[in-house]
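Morning, everyone. Please bring up the model on your screens, and we'll go through two parts of it.

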Amino acid sequence: MAAEPVTLAEALRTLADDALVRLFRARPDLVTPLPSDIVALAARATTRSSLARALDRLDRRELAVVEAVVVAAPQVSRAALRTLLDLPNEQLDATLARLRSLALVWGPDDALDVAAVVPDLLGPHPAGLGPPADDPRHADSAHLAALLDEAGAEARSVAERLAAGPPIGLVSDANRTVTVESARSPVEQLLARGLLVARDARSVTLPREVGLHRRGGRLLPAGELDPPALAGTARDQALVDRTAAGTTLDVVRLVEQLLDAWGAEPPTILRAGGVGVRDLRRTASGLDVDEPTAALVIETAFAAGLVAVGDDDGWLPTPAYDTWLALEPADRWARIAGAWLYSTRVPGLVGSRDDRDKLLPALAPDVERSVAPDVRQLVLQVLAEAPANTAPDAEAVAARAQWLRPRRMTAFVRQLLDWTLTEAAVLGVTGLGALAAHGAALRESEKAAAATLLPLLPEPVDHVLLQADLTAVAPGPLRPELARALASMADAESHGGATVYRFSAESVRRALDGGRTAAELHDLVSRHSATPVPQPLSYLIDDIARRHGHLRAGTATAYLRCDDPAALDALLADRRTTPLGLRRIAPTVVIGRQPVKVIVDELRALGYSPVAETPEGALVLTGTRAGRTAEAPARAGTTGPREPEPDVLMAAVRAVRAGDRARASRPAGAAVGQLRRTASAEAVEVLRAALAGGWSVWMGYVDQQGGARDRIVDPVRIDGGWLTAYDHAAGEARTFALHRITGAAPVD
């Protein structure tokens, strides 16, 4: 029977390929860059930075087992851990298996080990315990009990408080020599018997053995190793899904409204980057939401790559926005929600102040925190773990999250948890406080989320119900092209299951300004109305269209011209136009002192319908501007790291295995770049044999800069002085000049 592995490298070497893939998935930093072999992998897995990241992702039970290994050193056995933690055998076995799979614990059950740097990372007081005592007799529980009895009840109370952690106490003079006979205070009683140890003149420490004794031999109190319950409110899952699905349509609509508005009138970029407070308020007012929600919509659109900096120092939609508009609503939502989940940007920081008391605006560079994606995924994990048909309370979510990531629960992370719950509700990831089905699928992929959401959404409709009061009711979500066409000639008054649009003189004029004709407007409403077109709407369109462009404005400073002199007579007789300084210079022409835009806006406010014209006499149609940035990446926002693809991880496993085989076959004392040199013809023969036999070759190669390096390759073709081979370290096929190959030998 083979001996159990003792070192981490030996333990990693015994893992199956799928186990190494799971290790790389859980600790992706181990393959960036790719280690050359198993020994290099083990070395990287025990570095301080890599271990710190791994420890930060342990839950309370897993962290307690690591702490127990440190506390029980040097004789660390499974039996010792069982005594320290009082865990059921199945829980201890499962936790140890998990820690072994993460390369945090290794060795046989009677000699478990961790990296030398782990005690440092856990701090000076693992599990709240002090350092080991110098007196070996303190290992005897009966001896400690006798000493504590001698010290008295007050001294035992002091030891009890320090045993709960931290094990440090402050005193007036810890260096003064105290004997059992001269001890007066409870602290002196403990010092005299070695139950407290002076750290310096002002502080004392409770030895580890004493702390464990006062804890009853347990590392942690009973129950602390069990996850807290996720108590909450009873919710019907079907209702949760429907509620959240309705919210997703609102989110998609808000993003579309935002970017259409910014395409027409881009907000300027602040000198330090971001969107000004006034622009944020105007955006919130236009979207009819509060400022935090507006900031969330803006930041999420940015993270999804739908908005970026334009050429004229303004924020504009990107070309990706047009692609996004062509998607189905479920896919549009999934794109937004996925960007939010993995974005390092924190909308909750918008409006707060930084360390220099400067206000943080939306889209500012400083509204980024690398921990954000992990916290959002943690919150979704907690919500997914809640009992069926339960919406867990915020405090219960925070308590479970703290148990799952005890080392990461800072005050900011706690605040980020609350923001995440709020944002998830606004984005439709949750409904009524519970995780929706499509929110749970988002943890898998955007594609899965869209597929889950699709059946929950109502079928888009291609008709509206026109009312005599100049309103149109959309009985469901409209087809995107109809929704945009209708929005161009009517204003949405309410949203929800049924959206209400109102036609007005201003909205119809807006459509005509955008280049539509009266005939096109009549055709639009007649084709898409499930009811007869009301007469008032037809009259409104005809009336506005008849007057639209009848009166035209140009520059003199400005002029007005009209083929009907009587219309100009009425205009000049209107005392309300006096401030415009209008003066007639011909029967059909009037000039004014004000600029064209001022005259047009003022006359429209007075009930007239002038339209500006070019110097050539053509109409100036002022439809909505559809500004766009130059080509930008699909996701312009910063995102956190995503899980590597399975085929990438498997390629990494193959490369590390090949490197390990090469290391094993390397002659004793040989270093990388020192493979035995062979004649070119001999090396080529080895490569040809490997090509025919389908096996790997350890190959020495000198690059163009003169650097020598050993590689593991699988030959694919030898032709014209070149070798084409799969390079395991690079994870891809490459070509090598045969004259630069210094040696070749079979790996196995």
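I'll take a helix pair, then a sheet with a helix across it.

This is a predicted model: local features need pLDDT of at least 70, side-chain atom pairs count only at pLDDT 80 or more, and totals for chains, interfaces and linings use all residues. Residues are numbered from 1 along each chain as its sequence is written, and side-chain values use heavy atoms, with hydrogens and water left out.

Helix pair. H13 is residues 237–264, and H17 is residues 329–342. Helices here are DSSP runs of H or I, at least four residues; strands are E runs of at least two, all numbered from the N terminus. The two helices pack at about 75°, axes 9 Å apart. Axes are lines fitted to C-alpha atoms, for helices over the stretch in contact, and angles run from 0 to 180 degrees between N-to-C directions. So H13 is roughly perpendicular to H17, a label covering 65 to 115 degrees.

Who touches whom? From H13: Thr 248, Leu 249, Val 251, Val 252, Val 255 and Glu 256. From H17: Pro 329, Arg 332, Trp 333 and Ile 336. Contact means heavy atoms within 4.5 Å.

Now the sheet. Five strands, open, mixed pairing, order E16-E17-E15-E14-E18. Strands pair if DSSP finds at least two bridges between them. E16 (583–586) and E18 (610–612) are the edges; each has a single partner strand, so one side of each lacks a neighbour in the sheet. Inside, E15 (558–561) and E17 (589–592) run antiparallel, joined by four bridges. Tyr 559 sits opposite Ile 591 in E17.

Last, H28, residues 596–605. H28 lies across E14 (551–554), E15, E17 and E18, at about 160° to E18.

Technical notes. Parallel < 35°, antiparallel > 145°, perpendicular 65-115°, else oblique.
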